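Subject: Structure handover

Hi,

As promised, here is the structure we talked about. Have a look at it first, and then read on for what turned up when I went through it.

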Amino acid sequence: MPKLVDSVKEVFNKNGIYAVATASASGLPNVVPIHFAKIYEEEEDTILLADNFMDKSYKNIEENPWIAISVWDTGKKLAYQIKGQASIVKSGKAFDDALAWVQKVKPDLKPKSAVLLKVTNVYNCQPGPDLGKEL
Ligand SMILES: Cc1cc2nc3c(=O)[nH]c(=O)nc-3n(C[C@H](O)[C@H](O)[C@H](O)COP(=O)(O)O)c2cc1C
């Protein structure tokens with residue numbers, strides 16, 4: 001069963017800035033706003049993030065691959081927590097795709113790496129009868 005089902009993709013695609021949480025090996029949390037995050041349709045259940053400025057986030061992913069992203073649509077009253085394991089890539093198709101995507105939007109920016117997030121769990125985050133349930 002895919003994790004990034006259509007309702008999750010729709011809410012994800014409506015968000016322009018993503019709250020992206022990482023944690024150090026010892027469990028110290030870190031959350032940052034990220035603009036360059038999108039569903040990576042080339043691979044199932046995968047989100048591509050462009051690392052333009054990541055520092056603590058980058059170090060955290062190196063030592064602990066777990067990432068959580070929060071997305072919501074207040075109009076439709078839908079919200080999800082997306083969790084998975086990430087890898088950092090500095091060459092190959094995903095990196096080239098991230099580079100082309102960032103430079104199309106911001107020609108002066110050059111991503112240092114791409115972060116490929118393989119989604120493993122999605123939870124309902126909207127208050128209501130299904131709050132907290134895994135999809
Ligand atoms: C609105 C906004 C959008 C941002 N988008 C990105 C992004 O797409 N990629 C990125 O690497 N950093 C982005 N940043 C910077 C990160 O939020 C953060 O400052 C950076 O990762 C360094 O923090 P860290 O040391 O906790 O990783 C953005 C910052 C803001 C305020």
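Which residues around the ligand come nearest? Of the 15 residues there, the nearest are Val32, Phe36, Asp55, Lys56 and Ser57. Please keep in mind throughout that this is a predicted model.

**Around the ligand**

Staying with that shell, its residues are eight nonpolar, four polar and three charged. Three elements, β2 (29-34), β4 (46-51) and α2 (56-63), each supply at least two of the shell residues. The largest share belongs to β2, with four residues.

**The overall picture**

Stepping back, the protein has three helices and seven strands. Read from the N terminus, the order is α-β-β-β-β-α-β-β-α-β. The C-alpha atoms fill a box of roughly 45 × 35 × 25 Å along the principal axes. A compact globule of 135 residues would have a radius of gyration near 14 Å, and the 15 Å found for this protein agrees with that. Of the 135 residues, 27% count as buried. Among contacts with a separation of 6 or more, 63% are between residues 24 or more positions apart.

**How the strands pair**

Let me start with β1, residues 18-23. It pairs with β2 in the antiparallel sense over six bridges, and Val20 stands opposite Val32 of β2. That Val32 is also one of the residues that come nearest to the ligand. The two strands form a hairpin with five residues between them, and Gly27 in the turn has a positive phi of about 95°. β1 also pairs with β5 (residues 66-73), again in the antiparallel sense, over three bridges. In that pairing Ala19 stands opposite Ser70.

The two faces of β1 are worth a look in your viewer. In a regular strand the side chains alternate between the two faces of the sheet. In β1, Tyr18, Val20 and Thr22 make up the covered face, whereas Ala19, Ala21 and Ala23 make up the uncovered one.

Next comes β7. β6 and β7 run antiparallel and are joined by 10 bridges, with Gln85 opposite Lys118 of β7. β4 and β7 pair in the antiparallel sense too, over six bridges. There the bridge partner of Asp51 is Ser113 in β7.

In soluble globular proteins, nonpolar side chains tend to be buried together. Here the largest nonpolar core has 29 residues, and Leu48, Leu49, Ala114, Leu116 and Leu117 have the most contacts inside it. At least two core residues come from each of α1 (6-14), β1, β4, β5, β6 (78-89), α3 (93-105) and β7. The element that gives the most is β7, with six residues.

Leaving out residues up to four places away in sequence, Leu49 touches Val20, Ile34, Phe36, Ala37, Val115 and Leu117. Phe36 is also among the residues that come nearest to the ligand.

**A closer look at Ser113**

Ser113 lies in strand β7, residues 113-124. Is Ser113 buried or exposed? It counts as buried, because Ser113 has 21 C-beta neighbours inside 10 Å and the cut-off is 20 or more. Not counting residues up to four places away in sequence, Ser113 touches Asp51, Ile88, Val89, Lys90 and Phe95. Ser91 is 22 residues from Ser113 along the chain, and their C-alpha atoms are separated by 8.0 Å.

**Two backbone angles to check**

Asp45 has a positive phi of about 50° although it is not a glycine. Asp45 sits in the loop between β3 (37-39) and β4, and with 19 C-beta neighbours inside 10 Å it counts as partly exposed. The other is Lys77, where phi is near 55°, also a positive value. Lys77 is in the loop between β5 and β6. Lys77 counts as exposed, because 10 other C-beta atoms lie within 10 Å and the limit for exposed is 12 or fewer.

Happy to talk any of this through once you have had a look.

Best wishes

Terms used:
Residues numbered from 1 in each chain as written. Predicted model: local features only at pLDDT ≥ 70, side-chain atom pairs only at ≥ 80, totals over all residues. Near = placed C-beta within 6 Å. Nonpolar A, V, L, I, M, F, W, Y, C, P; charged D, E, K, R; others polar. Pairing = 2+ DSSP bridges. Contact = placed C-beta atoms within 7 Å. Rg over C-alpha atoms; globule rule 2.2 N^0.38 Å. Core = buried A, V, L, I, M, F, W, Y, C linked by C-beta atoms within 7 Å.
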